[in-house]
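Good morning, and thank you for making the time. Please bring up the sequence and the model on your screens, and I will talk through the parts that I have looked at.

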Amino acid sequence: MLVNKAYRYELKPNKMQLVLLKKHAGCARFAWNWGLAERKRLWEEERRTTNAIEQHRKLNELKKTDFFWMYEVSKCAPQEALRDLDRAFKNFFQGRASYPHFKKKGIHDSFRLTGTIKVFLRHVQLPRLGKIKVKEETRKFKGRILSATVSREADRWYVSLAVEVEIPDPAPVEGEPIGIDVGLNHFAVLSTGEKIEAPKSLKKNLKRLKKLSRRHSRKQKGSNNRKKSALKLARLYRKIRNQRKDFLHKLSTWLAKTKPAIVIEDLAVKNMIKNRRLSRHIADAGWGEFKRMLEYKTIWYGSKLVVAPRFYPSSRRCSNCGYVLPELKLSTRRWTCPKCGVCQDRDVNAAINLLQYLNTA
Ligand SMILES: [Zn+2]
């Protein structure tokens, strides 16, 4: 079975490479912002849309006269940025994402390269940038490289190598299928009644983040103190992101390896509930990322992911008799079924309903 995977390494660039990394990120950001402004203008003045190929051609023309500094970086950086923009617009037109935003320096520092990319034990070789040292050895690396995405997080740079690799077809997973409900009080609730919490250290850091960003916003703009606290904040973000990723990886791997089928809700987070605080919470919990992990890991490990449709009444349905409540407030944690009299824990009931959906799917 041929699958796509990614390997991520922290880069240890020398001074010259660091300058070049920043230039590449700047150029990719510039191309994105230029492309976005151009698309807006085309729509306003000519009522037409465009695509990555046309935009790249135009940018190449401008490079000769206006943007000659772009010659310093690999031509892939702007080209891939325009491709990303193309995809962002497709997602927007198909209602899957909001209208693309302009990218800010310091927040969106990343770029993608294709072409000659090689992996050595302690180095990764990238077009234009040469051999850059990596922090960890690349011993486990395997597969055919498709592209390299370089990104900055706080004061560190990372490369993520997308590869195509052949893995053996998995044997079917033995065990019981499971339904999983999005928890609001818990990260997730399983149809077995098990409630899964995000790690305590992650919760603690999220609290720290709140405090730190409040303090940060009170610092004077442009001051040294503000710069210092911005770096501190960015480091904490990175820590939280890594902690969350680690937790989600462990959980999704365990599920995909031990459950033959996993049923979840269609997490159209955007349309889910118009409550900002709640949507914030869902975003924090990393459900989108968790779903993506389940999508590919179930394929890798021989399990199956089933997504119940958006309007499946998982919370309002009684898992004992099938009665569907006309309404259920978000604040209601337990309810008693008016038809069969069984008392339901909101989250566990929803998870069991998702599992029962498997029989109807
Ligand atoms: Zn009932």
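I will begin with the whole chain and then take the sheet, the helix pairs and a few single residues in turn.

What we have here is a predicted model, in which local features need a pLDDT of at least 70 and side-chain atom pairs count only at pLDDT 80 or more, while totals for chains, interfaces and linings use all residues. Residues are numbered from 1 along each chain as its sequence is written, and side-chain values use heavy atoms, with hydrogens and water left out.

Taken along the principal axes, the C-alpha atoms of the protein fill a box of roughly 75 × 50 × 45 Å. The secondary structure amounts to nine helices and 14 strands, where helices (H or I, at least four residues) and strands (E, at least two) are DSSP runs numbered from the N terminus. Of the 361 residues, 42% are buried, and here buried means under 20% relative accessible area, exposed means over 50%, and partly exposed lies in between, with a 1.4 Å probe and protein chains only. The accessible surface comes to about 21300 Å², and 52% of it belongs to carbon and sulfur atoms; these areas come from the Shrake-Rupley method with a 1.4 Å probe, and for residues only the protein chains shown count as cover. If we take the contacts with a separation of 6 or more, 68% of them are accounted for by residues 24 or more positions apart, a contact being heavy atoms within 4.5 Å.

Let me turn to the sheet. Seven strands form an open sheet in the order E2-E6-E7-E1-E5-E4-E3, with antiparallel pairing; two strands are said to pair if DSSP finds at least two bridges between them. Which strands stand at the edges? They are E2 (110-113) and E3 (118-119), and each has a single partner strand, so one side of each is left without a neighbour in the sheet. Further in the order, E6 (residues 144-153) and E7 (residues 156-166) run antiparallel and are joined by nine bridges, and Val150 has Val159 in E7 as its bridge partner. Helix H1 (residues 15-46) packs on this sheet, where it touches E2, E5 (130-134), E6 and E7, and its direction makes about 90° with that of E2; the axes are lines fitted to C-alpha atoms, for helices over the stretch in contact, and angles run from 0 to 180 degrees between N-to-C directions.

In the loop between E6 and E7 we find Ala154, which has a positive phi of about 55° although it is not a glycine. Ala154 is also buried, its relative accessible area being 10%. Arg128, in the loop between E4 (123-126) and E5, likewise has a positive phi, near 70°.

Now the helix pairs. Two packed helices are described by the angle between their axes and by the distance between the axes. For H2 (residues 52-65) and H3 (residues 76-93), the angle is about 145° and the axes are 9 Å apart. The contact is made by Ala52, Gln55, His56 and Leu59 of H2 with Pro78, Gln79, Leu82, Arg83, Leu85 and Asp86 of H3. For H5 (residues 224-258) and H8 (residues 287-301), the axes come within 9 Å and cross at roughly 35°. Among the residues that meet there are Leu248, Leu251 and Leu255 in H5, and Phe290, Met293 and Leu294 in H8.

A further group of strands includes E11 (residues 262-265), both faces of which are covered, with Ile262 and Ile264 buried on one side and Val263 and Glu265 buried on the other. E11 pairs with E8 (residues 178-182) in the parallel sense over two bridges, with Gly179 and Val263 as bridge partners. Four bridges join E11 to E12, again in a parallel run, and Glu265 stands opposite Ala308 in E12.

Finally, where does Tyr312 lie? Tyr312 is in the loop between E12 (305-308) and E13 (334-336), and at 17% relative accessibility it counts as buried. Leaving aside its neighbours within four places in sequence, Tyr312 is in contact with Arg317, Asn353, Leu354, Gln356 and Tyr357. Of these, Leu354 is 42 residues away in sequence, with a C-alpha to C-alpha distance of 8.6 Å from Tyr312.
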